[in-house]
Amino acid sequence: MDRIRIRGGSRLKGEISVGGAKNAALPLMAASLLTDETLTLGNLPHVADITTMANLLAQLGVQVHLNGANGGHDGRVLELTACGVRETRAPYDLVRKMRASVLVLGPLLARYGQAEVSLPGGCAIGTRPIDLHLQGLRQLGAEIDLNEGYVIARAPNGLTGARIVFPKVSVGATENLLMAACLAKGESELVNAAREPEIADLALCLKKMGAEIGGLGTDRLLVRGVGQLHGAAHQTVPDRIEAGTYAMAAAITDGEVELIGTRLSLLGAVAETLARAGVAISESNRGLKVSRANGE
């Protein structure tokens, strides 16, 4: 697409479904590697990165079954079963397409004791190294080497819990180490962990799978490792960026829009800022209603 033409001057009215958050769905999909039972994920967005992650998991040997509509609040439903994983190597031709592919590193290492993952690509905003991922996994007892563009990680005796203090906040490193710690021996503490809603969503799913995690929503996550996880069903958290964008569009056009499938707690500072600007946002039984306050 080279050009988007927008003809303004019309109020936006009606309702629109808010899809699941891609940045929540990708680590949830990687979490399927932590168990040999089926993880069922609902409300998955219909975007290319979901297909890329599904292809990567399938290449590793995960059984992938898609069922459901192609988007919206009902979303797509994906059943992932990693009972027959035959490969612990994530190749360059898939990982280069999407940075989030590195999220298979922690689960593979924790469950199978080894992983070989290409250094990630696919980031349009520049290079972001994965050093925090690797430092944290080393603290959990992994042996890690870099060879010809691949991360080669081994933990033949399993991972062991540790206190990991992130020198800076990293969403991806928090997710990778949170998943790895679920199967590590003993207790782990992740300090200065990322606090995005997608992190809490991953932790909630892991708890449904049998993980023992405390501190959800804070920058200090406590994980007590367990011997194994089991299958579960989980709905991906709604996309807060999508919801906020539609809310702003309704506000600037003097519109009245109902955002189906989202909730006020996900908008946080965006909702507070819009309220100060004279926008009324209220929860309904299906989501959020957005309009100009008092019609003024």
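How many cavities of 30 Å³ or more does the count come to by this rule? The count comes to 1. The model is predicted, so that local features need pLDDT of at least 70 and side-chain atom pairs pLDDT 80 or more, while totals for chains, interfaces and linings use all residues. Residues are numbered from 1 along each chain as its sequence is written, and side-chain values use heavy atoms, without hydrogens or water.

**View 1. The largest cavity and its lining.** About 40 Å³ of space lies in this cavity. A cavity is a set of points on a 1 Å grid over the protein atoms alone where a 1.4 Å probe fits but cannot get out, and lining residues have an atom within 4 Å of a point. Among the lining residues are R195, E196, I199 and T218. Helix 7 (residues 197-208) supplies the largest share, 3 residues. Helices are DSSP runs of H or I with at least four residues, and strands are runs of E with at least two.

View 2. Strand 14 (residues 256-260) and strand 16 (residues 287-292) run antiparallel, joined by 5 bridges, and L259 has L288 as its bridge partner in strand 16.

**View 3. Residue V165 in strand 9.** V165 lies in strand 9 (residues 163-165). V165 and T81 are 84 residues apart in sequence and 33 Å apart in space, C-alpha to C-alpha.

Methods
Two strands pair if DSSP finds at least two bridges between them. On a 1 Å grid over the protein atoms alone, a cavity is a set of points where a 1.4 Å probe fits but cannot get out, and a pocket is an open set with protein on both sides within 12 Å along at least five of seven lines; lining residues have an atom within 4 Å of a point. Grid points are joined across faces, edges and corners, and a volume is the space filled by probe spheres set on the points.
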